[in-house]
Amino acid sequence: MAHLEVEGICKGWEFPVIDELSFAVEEGEFFVVLGPSGIGKTTTLRLISGLETPDAGRILIGGTDQTRLPPYRRRIAMTFESYALYPHLSVYENIASPLRARRLPANERDKRVKDVAELLRIAHLLDRRPGEVSGGQKQRTALGRTLVADPEVFLLDEPISHLDAKIRHELRTQFHTLEDLRKVATVYVTHDYAEALSLGDRIGVMGTRGRLEQVGNPRDLFERPANLKVAEHLGQPTINVIPSRIRRDNNGLFLDSETGDLRLKLSGESEAALAGYSKDHVIAGLRPQYIRPIDEAADGMELLSAEVDVYEPLGTNGIMMANLGSMSLTALTDPEKHYETGQKVQIAVDVSGLHLFDADSQVRLTGIT
Amino acid sequence: MSGVSLQKVNKIYGSGADSVHAVQDLDLEVSDGEFVALLGPSGCGKTSTLRMIVGLESITSGQILFGDRDISHLDPQDRNVAMAFETYALYPNFTVADNLSFPLEVLGLPAELQRKKTDEIAELLRITDILQAYPPELSGGQQQRVSLGRALIREPSVFILDEVMSHLDAHLKFSMLFDLKRLHRELRRTMIYVTHDQVEALALADRVAVMSNARMQQVGDRNTLYNRPANVFVADFIGEPPTNFFRAEVAYHDHDTIISVMDSDLTLQPGTAAATSLRESQRKEVIAGIRPQNLGFAETAHFLTADVEISEYLGERSMLTVVNGTTRFQAIAPPDLRVNPGTSVRLYYEPLNVMLFDPETETLIA
Amino acid sequence: MNHATGAMTAGGTERTQDAWRHVRYLFLAFLGLWIVFTVFPLYFMTITAFKSAAEANLTVPTFWPQEWQPRNFIGVFDERTNFNALVDSFVIASANTALSLFLGSLAGYAFARFPRQAGGENLAFWILSNRMFPPVAILVPMFFLFDNTPWGTDSHLSLIILYLVFNLPLATWLMMVFFRDAPVEIEEAAYLDGWTPLRAFFKVTLPLVIPGMISVAMLCWIFAWNEYLFANLFVGTAVRTYTIVIPTFTHGSQTLWNFQMAFSLLALIPPVTLFILLRRYMVRGLSLGVVKG
């Protein structure tokens, strides 16, 4: 039995924010809701926590219907995007708040607060006020307040997205090692796909009106996106979207971009995906890491001539926007190399990374009809 | 158009015991038409520096030159410098066109010329279709462009951008980065981009100036900062995930120089140049650094053995957090790698990529 | 060529600096004038309080007492009820302040957190607008209204309640602003911690607005302490406020300026002391220091 069940909840009649959202989170599962800002992720958490009441649908926790229960009667801990720390109370008192609310004996309270602070490496800050600690430490305090509560469900709202890259990186690693989070049901909301892939046992990609575009494990989502929207949302730089035509001749199956600049011979995998697909047009998606500028061609590799538009050297990769005739493609490069605008380059395209979507519905083509 | 030159610039706020030395002996040369990023964590002095260049803050000592014109003590409006802010600061009750032409209106330019320039800049920023719209109707990215346009329309000799992208979503940020880079290429104007985000800085700028603790730490292009960071701070600040650092002891054998990482049984082989330099100095201790990107599974002669603690799948890549003894470090792995926590792995590296720093001064050992 | 440019630039800078210097002097002169304007009355009041009755009544005033007469400060209490007037004023001002704060906080919280259920922005504004019409317009109606109450007009209670007409709108409006600035998420976090709404209010919300409450208390208290118009009409026999005592320092057709000023000076002590003690909170209250993310 799932630990947290959300059954067809709706919020807002005239302009629905959430329209019939359903999902379930198992005990011990870390469920990530991924989506752009303003799509209804936070509203979903507020509905689960009871800060808002759904207009329709049910919320079950541990098998009992808690839809109408006020938040302080539910065993739910939640972090807020703004941290929502009590500015007039010390870090210690902030963390102790859920225990004081439950009137826990002083010695037990003290022990649990200190244990959590130790775990989150803020034990030396317990006497400070929230205004006197850094952003990362504020987030740790907020996290401490939720961890100490020993709840049935954890709700985490963009807990690390407003922090600097370095601290974000550090806290993300820490989420992996916090065993408490792995014991009960956790719903984690973020707009950062890397966070979602890294942390989620399962991920739900949220589209407009709280619709879940796809629910699955991280590899499913990234390697087999259910539709173009999911493919575009996951990955940085964004996947190349190439509206194309399918052409079949004696030599096999080909993909021609609408602009006519790109012609690719399709592999067996793509052929299987196209089985039973009767339209001429298709949308091809190709992640930038499958497009690389090449100095020397290996055997049998088909190279395309392109011209560098803009080039940005980053840490792990360089990102190149290259013009292929009238088409613009994003490619990944070795960051140590340098490319000038206007430079002619040879580009290799690896068709094994090709995703094919229905030209009209933008749904992934799987070949199974 | 002109370059910018900062010579021994100091900024001290207050006096006596309460004084704060916000910028200390700062030297920076930006050549004509160059795109330089001023990068540093918050509180490093980059904002004070930028405010001195613009003229919003007086200079305690030193000189700032635009070309060969000393502008150290000129009023902001006499410096011919424009600045785009983090917040868009557009007039909500003016159309985009009026927002753009406002700086020209202030200069008292004839209406015909104003219109012509507005059209030009709108075309450059690809906002021609929204000229008649009002700022509240626009998306964040569009507002950002209008804001850039308003700063650019006066044709300043120096153009400064202050954290202009920190509010944007990641996807939008990337497309704006490309736009900005195109814009610079077309304008070829001297630009200084102030940011705390190293990804933005590396992506955009010809050269990046890294500041910390009121001082300039290093100025260089991506490869210099990555491969030859001046000190531990730069090595740590530039690059994501951050560089792995190890406190280590050095042992000198007949031909070999071996670096043993403390609290673990890891040893590192330094590159030839570093080894020679170590031998000459005969130092006993170093801080060794190696980037997670430079630890991998492609076999070479040298490797580190450690147990996997966390394996994170990130889509385009995976990241491993591994541990040996009490030493914890990270490596980037291909996305199709599947390892369970507890597995022992070999992470290969090239000696060339081992960076060595003096444990006291934290500066790079040649 | 370069040299010439340099010289011109230097000249330009000097001119700008000169201009700034003039502006500075002008500003200082204005500031000086302002100080004289505000401090002089206080100064004249203080020295008059120490003068003899004769000296205080000179047609050509003296700016330093020819003879110091500190006995004035005791003399004002020759009439025993004068001290009681200070006590009466204190009781009325304090009780009214407490009542204004209590009711104002509740109403302000309702307007801030449940604007729709509480009647909306319009109702809140209408309440504030009560503060804006001239008090004298309701002077007589109020007198007859209170005359018909069991406690009549000449009582503590009449003024305590009457001053609510002026202080409650102010307290409600300001408390509404303070509560609105206190992030609602902090309260929500408290609910999720398991605090019931009432406990959350006292644990989290109220502490956040205390600096604001203190400034509201100051404003209410000072208004009630200093009110003259209504007090003059309402009370005078059973209850006397200090404000209606001040005009009574006369001797025949002659005003005892020295007594009047001495008594006024004494009446200044409580509000000034309060202000000095609570100044820290007032500044904080008026720029309510809520922690931002």
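These legends accompany several close-up views of a predicted model. Residues are numbered from 1 along each chain as its sequence is written, and chains are lettered from A, with ligands numbered from 1, in the order in which they are written. Because the model is predicted, local features need pLDDT of at least 70 and side-chain atom pairs count only at pLDDT 80 or more, while totals for chains, interfaces and linings use all residues; side-chain values use heavy atoms, with hydrogens and water left out.

Figure 1. Chain A has nine helices and 20 strands; here helices (H or I, at least four residues) and strands (E, at least two) are DSSP runs, numbered from the N terminus. Its C-alpha trace spans about 80 × 45 × 35 Å along the principal axes. Of its 369 residues, 56% are buried, where buried means under 20% relative accessible area, exposed over 50% and partly exposed in between (1.4 Å probe, protein chains only). The accessible surface of chain A comes to about 15,400 Å², and 46% of that belongs to carbon and sulfur atoms. These areas come from the Shrake-Rupley method with a 1.4 Å probe, and for residues only the protein chains shown count as cover.

Figure 2. Find A:Gln214 in strand β10 (residues 212-216) of chain A. It is buried, with a relative accessible area of 12%. A polar atom of the side chain of A:Gln214 lies 3.1 Å from the backbone oxygen of A:Arg224. Beyond the residues up to four places away in sequence, A:Gln214 touches several others, including A:Ile203, A:Val205, A:Leu221 and A:Val230; contact means heavy atoms within 4.5 Å.

Figure 3. Chain B has nine helices and 19 strands, and 55% of its 366 residues count as buried. Its C-alpha atoms fill a box of roughly 80 × 50 × 35 Å along the principal axes. The assignment gives domain 1 (4-237) and domain 2 (244-357); such bounds come from an automatic or database domain assignment. The C-alpha centres of these two domains of chain B lie 38 Å apart. Where they meet, eight residues of domain 1 are in contact with six residues of domain 2.

**Figure 4. Helix α2 of chain B and its neighbours.** Helix α2 covers residues 96-107 of chain B, and its buried residues include B:Val96, B:Ala97, B:Leu100 and B:Leu104. An α-helix has 3.6 residues a turn, so residues three or four places apart point the same way. Which helices do the buried residues of α2(B) pack against? They pack against α3 (111-124) and α4 (140-152) of chain B. After α2(B) comes B:Gly108, whose phi is positive, near 75 degrees.

Figure 5. B:Ser5 lies in strand β1 (residues 4-13) of chain B. Is B:Ser5 buried or exposed? At 7% relative accessibility, B:Ser5 counts as buried. The side chains of B:Ser5 and B:Glu29 are joined by a polar contact of 2.9 Å. A polar contact is a pair of N or O atoms within 3.5 Å; within protein, one must be able to donate a hydrogen and the other to accept it, and residues adjacent in sequence count only if both atoms are side-chain atoms. Leaving aside neighbours within four places in sequence, B:Ser5 is also in contact with residues including B:Leu28, B:Gln63 and B:Leu65.
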